[in-house]
Amino acid sequence: MSKFQKKKKEMPAVNTASLPDIVFMLLFFFMVTTVMRETDLKIKKPSLPKADQVKKLEKKSLVSYIYVGKSKDDTPGDKIQLNDRISNVEDVQNFIFSERRKRSEEEIPLLTTSIKADIKVNVGTITDIKQQLRNVNALKINYSTLKGSALDNVK
Amino acid sequence: MARRNTPEINAGSMADIAFLLLIFFLVTTTMDVDTGISRKLPEKQDPNIVPPVLKEKNVFEVNVNRNDEILVEGDTYMKVSELRAAAIKFIDNGGGTAADLQKADLSPCTWCGGDKDPASSDHPKKAIISLQSDRGTSYAMYISVQNELVGAYTDLRNIYANKKFGKGFKDLSVAEQKIIKKDIYPQIISEAEPTK
């Protein structure tokens, strides 16, 4: 009997020496891909509409964002956020100028304005913004949407 | 005197530190890809310029009112789901005869699969979709309508690409795509000022 008991081997421990390496690799991956949000949203997070005819925005450095949505305290009307504060429609022009100043001359025609608007805002607000953009000749725009069927937007 | 060995630094907690950092980046990372419908706004017009006269049959009028209802060509009430088919029918009609199109330096549309109805559009290059919305229209509806109209062009381009090159529009070379975009099915969507 004791003969068998002596033969019982101990389970070898799993070698964890390479564990830090694995974790570091993951860490670097996330460090490289992470994008910290540049602006805080002062309005309610817009729930974007869905569409299927979408294009990816290629050069993120050439995109300026305009957020449109409802205010956090539920006051009626649509609010426009430029950079990190709620602004008037008239400020859109200045916003585009300041965005242009940040870029070099040859990049200016490539600048795209991405409109991130909530599904509940009125088209009138969007039209006012577009009018302002036309005034300063910022003609490339992108209506930010999620991927999905556009028919789901309206029930 | 025996030299003492320098003690090794205990690296056992290295994994813990790395984990902590990893979790921090995992939480803060946002991997959202920005997608959307790209459009180009028209340039600001000189108010003195007289807009060119268009034949009514070459214009596909889409009206969206403040109750999110769609009226097509001024007389047909439509749902969003029906809009794409109607737009395709209009663009792909190609009803113009050689005599009609001579003035515009075009020849009749040989690739159109439409009904060749003389009361509808002459040629895809002449077919204009005019979208008029109300200030009170919801953005969701607006995007849906835009999406369906752009989708109509995408569908037509795909059909053409499949017939001519045997592959989808997306798989064509840039030059081939350019030809289709310019000469076969150019995207002409005009937006009128919204009604108050």
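## A cluster of aromatic rings

In this predicted model, Y143(A), Y139(B) and Y142(B) are linked into a cluster by ring pairs. Counted over all chains, the aromatic pairs come to nine. In one of them, the ring centres of Y143(A) and Y139(B) lie 6.4 Å apart and their planes stand at 65°, so the pair is edge-to-face, given that planes over 60 degrees apart are classed in this way.

This pair crosses between chains, since Y143(A) belongs to strand β7 (residues 140–144) of chain A, while Y139(B) belongs to helix α4 (residues 139–165) of chain B. Y143(A) is buried, with a relative accessible area of 0%, and Y139(B) also counts as buried, at 0% relative accessibility.

## A pair within chain B

The rings of F24(B) and F25(B) form an edge-to-face pair, because their centres are 5.1 Å apart and their planes meet at 75°. F24(B) counts as partly exposed, with a relative accessibility of 43%, whereas F25(B), at 12%, counts as buried, because the limit for that class is under 20%.

Which residues form a negative surface patch? The patch is made up of E56(B), E61(B), E73(B) and D75(B). Of these residues, D75(B) is found in the loop that runs between β3 (70–72) and β4 (76–78) of chain B. With a relative accessible area of 61%, D75(B) is exposed, because that class begins over 50%.

Note on methods: Residues numbered from 1 in each chain as written. Chains lettered and ligands numbered in written order. Predicted model: local features only at pLDDT ≥ 70, side-chain atom pairs only at ≥ 80, totals over all residues. Heavy atoms only, no water. Patch = residues over 30% accessible without salt bridge, like charges linked within 9 Å, V, L, I, M, F, W, Y side chains within 5 Å. Areas by Shrake-Rupley, 256 points an atom, 1.4 Å probe, with all protein chains shown as cover. Salt bridge = Lys/Arg side-chain N within 4 Å of Asp/Glu carboxyl O. Lys, Arg positive; Asp, Glu negative; His and termini not counted. Charge placed at Lys NZ, Arg CZ, Asp CG, Glu CD. Helix = DSSP H or I, 4+ residues; strand = E, 2+ residues; numbered from the N terminus. Buried < 20%, exposed > 50% of the residue type's maximum accessible area, 1.4 Å probe, protein only. Phe/Tyr/Trp six-rings, centres within 6.5 Å; stacked < 30°, edge-to-face > 60°.
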